[in-house]
Amino acid sequence: MAKIGFIGIGKLGLDCAEVMAEKHQVWGYDIYPRTSDSVKVCGIEELVTESEWIFIAVPTPHAQGYDGSIPSSHMEPRDFGHDAVIDAIKNVNNYATSSKKVVLISTVLPGTTRKHFYPLLDKKHQFLYNPYLIAMGSVKWDMVNPEMIMIGTEDGNPNALAGELRALYDTVMQNNPRYEIGTWDECEAIKIFYNTFISAKVGLVNMIQDFAMKIGHINVDVVTDALARSTMRIMGPKYMTAGMGDAGACHPRDNIALRWLAQEYDIGYDLFDTVMHAREIQAKNLANYLIHLSVMNDDMPIVIHGKAYKPDVEYCIGSYSTLIGHYIEMAGRSVVYVDPLADNKNKVVESVDESAIFLWAHNRKITYEYTGDQADTKPYCNIAPGSIIVDPWRKLESTDDIQVVHYGNTRNA
Ligand SMILES: NC(=O)c1ccc[n+]([C@@H]2O[C@H](COP(=O)([O-])OP(=O)(O)OC[C@H]3O[C@@H](n4cnc5c(N)ncnc54)[C@H](O)[C@@H]3O)[C@@H](O)[C@H]2O)c1
């Protein structure tokens, strides 16, 4: 049984610490009060003294307004904040009386660890960079079923500590993960380009959706399904369903931060500016479509069904729903949201009594199907007869009382 400390037990760290606590003795420290049934929440001195492994899972925040829930592609690109990681490293230095195995999980841009973090760590400690591919709503499942585990070492070679970390993970994994060993910088790059590759992929399939709406006689799913099955050149089917844009606490901001990095290293172009700009215009196109339907139907109110960035979680950070809402309001129209979980209650209503234009933003089957078979999203409120549901995922069916529009399928329009 290993002795493990987690510095930063927030959305990522706490669940990961609890997974480790199923097999190991785990301590957790946070600057905010946290509780856990299986992790011993304690002060930093006790954590550092007791732990052989120290995982750092503190935030590397983006500046206000850079999460992607409102337009940001016009703003000056910025790097993430590093203060919390620096604070955690200093705490390890201050309280450690013996050599520790320090593992940094937090997401940072390529080059950051070598430039800003490693020089600060006392050289008696060993260090690995080990970012996680984990999504909100499925943190514990993702932790033990990762697509790959990235382990970054100083020179990119699989050293003894990397082997020890692998052995430690083998005690909790449910799948047989692929291990990718690289330099710190390579692992930083694998993590951030993994996220932003997804944004680019979603941007592309949603572009096909935009064309379907403009050209006619196109069901976007026929096109994207054929592309998704084209595994010779274009890879697998995930994120190949057009719908809402990429969202959440990580992906939009990672694109924004990479824009900063492209400037910093004078790459000469800004690919992710285009990805983020496209994401915004795709949201605007959907907003305009909702407005158009409303105007055509006696100014029926517009309701976005799902405000959090995805179903089953409360987080509105980086939400594509609010980005669409922003464009509806910019066009001088009003919008409300229904979402029982949303952590931002602004313009959230509990019920909608009249018929309305609903945007079906959440589809839990599509979002979580990679974790196993999933139930459909249940309506968050009563849908009054005469309402029109715009389903960007094209899964719902019309009933006698409620018309469903499959946004992205204009075959029969
Ligand atoms: N949430 C995810 O799905 C996810 C996925 C992959 C990577 N990440 C990365 O993991 C890191 C943490 O993300 P998160 O979502 O858990 O963030 P979070 O804000 O939910 O949690 C971070 C925790 O660290 C604590 N903290 C802040 N400063 C601290 C300090 N100086 N010392 C100790 N604790 C401190 C905070 O109080 C908070 O509880 C980020 O770099 C993020 O990019 C997150």
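Contact, in these notes, means heavy atoms within 4.5 Å.

**Ground rules.** I'm looking at a predicted model, where local features need pLDDT of at least 70 and side-chain atom pairs count only at pLDDT 80 or more, while totals for chains, interfaces and linings use all residues. Residues are numbered from 1 along each chain as its sequence is written, and side-chain values use heavy atoms, with hydrogens and water left out.

**C316.** I found C316 in the loop between β9 (302-305) and α11 (320-330). Helices (H or I, at least four residues) and strands (E, at least two) are DSSP runs, numbered from the N terminus. I looked up its cover: C316 is buried, with a relative accessible area of 8%. Buried means under 20% relative accessible area, exposed over 50%, partly exposed in between (1.4 Å probe, protein chains only). Leaving aside neighbours within four places in sequence, C316 is in contact with D67, S69, K307, A308, Y309, A342, D343 and N344. I also checked C316 against D225: they sit 91 residues apart in sequence and 29 Å apart in space, C-alpha to C-alpha.

**Helix α9.** At 1.5 Å a residue, its 14 residues should span 20 Å, and the end C-alpha atoms are 20 Å apart, which agrees. The expected span here is 1.5 Å times one less than the number of residues. How much of α9 is buried? I get 11 of the 14 residues, so the helix is largely enclosed by the rest of the structure. The buried ones pack against α7 (184-215) and α10 (271-296). Just after α9, D266 takes a positive phi of about 50°.

**N255.** This residue belongs to α9. N255 is buried, with a relative accessible area of 0%. Its side chain makes a polar contact of 2.8 Å with that of S199. A polar contact is a pair of N or O atoms within 3.5 Å; within protein, one must be able to donate a hydrogen and the other to accept it, and residues adjacent in sequence count only if both atoms are side-chain atoms. Beyond neighbours within four places in sequence, I list T196, S199, F272, V275 and M276 as contacts of N255.

A backbone N or O atom of K11 lies 2.9 Å from an oxygen atom of the ligand.
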